[in-house]
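Biologist: I should like to learn how to read a helix and its salt bridges in a model. May we take the features in turn?

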Amino acid sequence: MSPAPTVLIIGCGVAGPVLGNLLIQKGYHPIVFEKVSELGDAGASLMLMSNGLKVLELVGVADNITTESYPIQRFIDSTSDGKLLGSSDLPSTFKDKYGHPLAGIKRTSINLMLKKTLLDRDIEVREGWELLDIEEKKDSVTAYFNHERVVTASFLIGCDGIKSASRSALLRSKGIAEGLPSYTGLTQTAGISKVPDSLLTPAAMRNWYGDGTHVIAYPISKTHISWAITRRETNEAAETWRPYRQEELPEQKSQLCKLLQGWNSVLRDMINASERVIKFGLFDRQELEPSQWEDCFHLSQALPDLASVDTRFEKAVAALGSSLSDAIFKPYAEKRQPRTSHLVRGARAVGEQRTASGEEACALRDELITEKFADEALLASRMDELLREPFQHTQSPA
């Protein structure tokens, strides 16, 4: 029997560990690399849609997430002073329809859960390994890391985020020079607080809209809520992901309360109750062509299953061929890139709409939000377009 092909996965956030788990189930030998010396407390939170939890169920953490979280039952959108623009109980149907609810969770919690799944399956995690360069050969790839460390494997997959070293190295190898991510003109200040009494029920994803500023909040447990303030700022704010130190918090809370003066008072209560606050700039990159692009769950599906213990293993290894790019990655990217690009463009448009600036633009935005909630069937259809992916859930009988 041939040895399992070694796969180098760059990044131990969410996508990297998920991919490592999926690939070991298919008979590959993944190694996950992370540039920080030890994964720890980072970021604020993530909102996990039902389709994301479907994938996380495959690696064994979906139930842990929904147990820790407080599944969301309602959407509520309001103006900055609290005037209701629209609401919907649609999220309360997601679990029955898609198999999983809509749920928020601390970023640190999910990162550590996923790292544990790797260690539990004896998947090696090498922390403190920063990727510097990649050299591709006909039937292998060699990765160069800090401290003059070198590893060769069958192939490499980058899951290392907006400032991806793997992306830069691969594009550089094709003669494509790519600069740093571009600043969008938006900053985000995020925090985690004990839930104010007025936001305890219903468990909702809430949005408040003002002139050039947007606030979102949702529960991440029965006792805590995660919030984020997105606003237009000319000065670029570096994406450090460093939370403010305890001695810095009073001043930051004071500045945020001044920013939201005249907004619904519950927001200032939420800010003043914050146990953690972090600020960063929002950055973007140019869209890649299919020949330059990859994605997580569907990538694992595109690779042949090598987990058989009989002679089919040899045939499956042979199916990899001498050119993974032509046999696997190119057709996969051509299939998946258009949809992913569509979702990204949609997210950019939503971000622009949420932080509309000027009286006329804000009035139009508020009108569009109200119209969105007025047509429940259309709202459900838009959510279904997203949440039915990446595979269908068999709905439980009534």
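Modeller: Helices (H or I, at least four residues) are DSSP runs, numbered from the N terminus. This is a predicted model, in which local features need pLDDT of at least 70 and side-chain atom pairs count only at pLDDT 80 or more, while totals for chains, interfaces and linings use all residues. Residues are numbered from 1 along each chain as its sequence is written, and side-chain values use heavy atoms, with hydrogens and water left out.

Biologist: What span should the 14 residues of helix 5 have?

Modeller: The expected span is 1.5 Å times one less than the number of residues. For helix 5 (residues 107-120) this gives 20 Å, and the end C-alpha atoms are 20 Å apart, which agrees.

Biologist: Which residues of helix 5 are buried?

Modeller: Buried means under 20% relative accessible area, exposed over 50%, and partly exposed in between (1.4 Å probe, protein chains only). The buried residues of helix 5 include Ile-110, Met-113, Leu-114 and Leu-118. Asp-120, by contrast, is exposed at 52%.

Biologist: With which residue does Asp-120 form a salt bridge?

Modeller: A salt bridge is a side-chain nitrogen of Lys or Arg within 4 Å of a carboxyl oxygen of Asp or Glu. An α-helix has 3.6 residues a turn, so residues three or four places apart point the same way. Asp-120 pairs with Lys-116, the closest N and O atoms being 2.8 Å apart; both lie in helix 5, four residues apart.

Biologist: How many salt bridges does the structure hold?

Modeller: There are 13. One of them joins Arg-388 to Asp-384 at 3.2 Å, N to O. Through shared partners, Lys-97, Asp-384 and Arg-388 form one network.

Notes. Helices (H or I, at least four residues) and strands (E, at least two) are DSSP runs, numbered from the N terminus.
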